[in-house]
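Colleague: Before we use this model, could we go through its surface and its charged pairs together?

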Amino acid sequence: MPLDRADVEHIAALARIGLTEEEIATFQEQLSNILDQFELLKQLDTSSVAPTGHAVEVSSVMREDEPAEPLSAEDTLLNAPRRRDDFFQVKAVLEE
């Protein structure tokens, strides 16, 4: 399914990118090839393939959230760039 110049320019406008004459010609060919590949895929018989949301099984990689003893104030502030006593010290963010 070959794309014409106007199609490429329309796609570029939707993507809000400017293209040179050379890029328009390159993308015209490349996008046409991509659409040709989709036409080939449409010809495949997928009637025996169950619809899926993912190609592989999805599982959580997060660990279980288990209660633990909190860090001490000293351990918590160990890498703080600035501190005052047992607190993080940050610059004031005030609006007038």
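This is a predicted model: local features need pLDDT of at least 70, side-chain atom pairs count only at pLDDT 80 or more; totals for chains, interfaces and linings use all residues.

Colleague: Is L41 buried, partly exposed or exposed, and what is its relative accessibility?

Modeller: Since exposed would require over 50% relative accessible area and buried under 20%, L41 falls in between and counts as partly exposed, because its relative accessibility is 48%.

Colleague: Which helix has the lowest mean pLDDT among the elements of the protein chain?

Modeller: The protein chain averages a pLDDT of 91, and 100% of the residues score at least 70. Among the elements, helix α1 (residues 5-15) has the highest mean, 96, whereas the lowest mean, 91, belongs to helix α3 (residues 73-76).

Colleague: How many salt bridges does the count come to?

Modeller: Side chains of opposite charge can pair when their charged atoms come close. The rule asks for a side-chain nitrogen of Lys or Arg within 4 Å of a carboxyl oxygen of Asp or Glu, and by this rule the number of salt bridges is 4.

Colleague: How far apart are the closest N and O atoms of E9 and R5?

Modeller: E9 and R5 both lie in helix α1, where they are 4 residues apart, about one turn of the helix. E9 counts as partly exposed because its relative accessibility is 36%, and R5 counts as partly exposed because its value is 34%. The two form a salt bridge in which the closest N and O atoms are separated by 3.0 Å.

Colleague: Which residues are linked with R5 in a network of salt bridges?

Modeller: The salt bridge between E9 and R5 belongs with a network of such bridges that includes R5. The residues linked with R5 there are E9 and E21.

Colleague: Which residue meets R83 in a salt bridge?

Modeller: R83 is partly exposed, with a relative accessible area of 32%. Its partner is also partly exposed, at 44%, and the N to O distance is 3.2 Å in the salt bridge that R83 makes with E74.

Notes:
Residues are numbered from 1 along each chain as its sequence is written. Side-chain values use heavy atoms; hydrogens and water are left out. Buried means under 20% relative accessible area, exposed over 50%, partly exposed in between (1.4 Å probe, protein chains only). pLDDT is the predictor's confidence in each residue, from 0 to 100. Helices (H or I, at least four residues) and strands (E, at least two) are DSSP runs, numbered from the N terminus.
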